[in-house]
Amino acid sequence: MRKQILFVTYENEDFDEGLSYAVDLAKAMNEDLTILMAKKKSLMRRFEDLMTAVTFAEANEHETAQQILSHKMDGLSKNKLNQFLEKCQGEGIATQVYTVELDALSAIKDFLKEKNTVDMVLLSPSVIENGNITPRDLQRLVRTASRPIVTMARQIYAT
């Protein structure tokens, strides 16, 4: 089995942020790519999702409210992910996608315990920004992961 790069992102957010970099890196290193989609840990984020669902439910849009509460990928996100996977296949990169109910840190720790073929962990911008992972938790992950942990930042564009 080939070594793999583990790309960690959140489901239902801009999960594709940083994916093109992960693909380029996997291609350059001749490795497989594994995408791990975790759930948000932030209590504030969960509260925001709950309030958004309540708003939709009050507007008699119950399906939308249920979709928000179930944290499932919407059709547009599934479409985007499928297109991405087809692109990876076209470039010869074996790609696997895992969706977990855990927060990003717990999901990474569990995944690394089970898979010893992971060569590097890439954290998408959505994982490390907005307080989703504290600097203290990130330092703890770097010390215990025994693999390189690479963080990505969003690009800033001048307006």
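A residue is called buried when its relative accessible area is under 20%, exposed when that area is over 50%, and partly exposed in between, with a 1.4 Å probe and protein chains only. The structure is a predicted model, in which local features need pLDDT of at least 70 and side-chain atom pairs count only at pLDDT 80 or more, while totals for chains, interfaces and linings use all residues. Residues are numbered from 1 along each chain as its sequence is written, and side-chain values use heavy atoms, with hydrogens and water left out.

Helices (H or I, at least four residues) and strands (E, at least two) are DSSP runs, numbered from the N terminus. In helix α1 the buried residues are L19, A22, V23, L25 and A26. Seen down the axis of α1, these residues fall within an arc of 165 degrees, so they line one face of the helix; the arc is that of the directions from the helix axis to the C-beta atoms. Just after α1 comes N30, with a positive phi of about 55 degrees, in the loop that leads from α1 (19–29) to β2 (32–39). N30 counts as exposed because its relative accessibility is 54%.

A second residue with a positive phi, although it is not a glycine, is S146, at about 60 degrees. S146 sits in the loop between α7 (135–145) and β5 (149–151), and with 65% relative accessibility it counts as exposed. Most residues other than glycine have a negative phi.

The whole structure holds 3 salt bridges, a salt bridge being a side-chain nitrogen of Lys or Arg within 4 Å of a carboxyl oxygen of Asp or Glu. One of them joins the side chains of R2 and D32 at 2.9 Å, N to O, and links distant parts of the chain, with R2 in the segment before β1 (4–10) and D32 in strand β2, 30 residues apart. R2 is partly exposed at 33% relative accessibility, whereas D32 is buried at 15%.

Another salt bridge pairs K27 with E91 at 3.5 Å, N to O. Because K27 lies in helix α1 and E91 in the loop between α4 (75–90) and β3 (95–103), this pair ties together parts that are 64 residues apart in sequence.

Within helix α7, the side chains of R140 and D137 meet in a salt bridge of 3.4 Å, N to O, and these two residues are 3 residues apart, about one turn of the helix. R140 is partly exposed, with a relative accessible area of 37%, while D137, at 14%, counts as buried.
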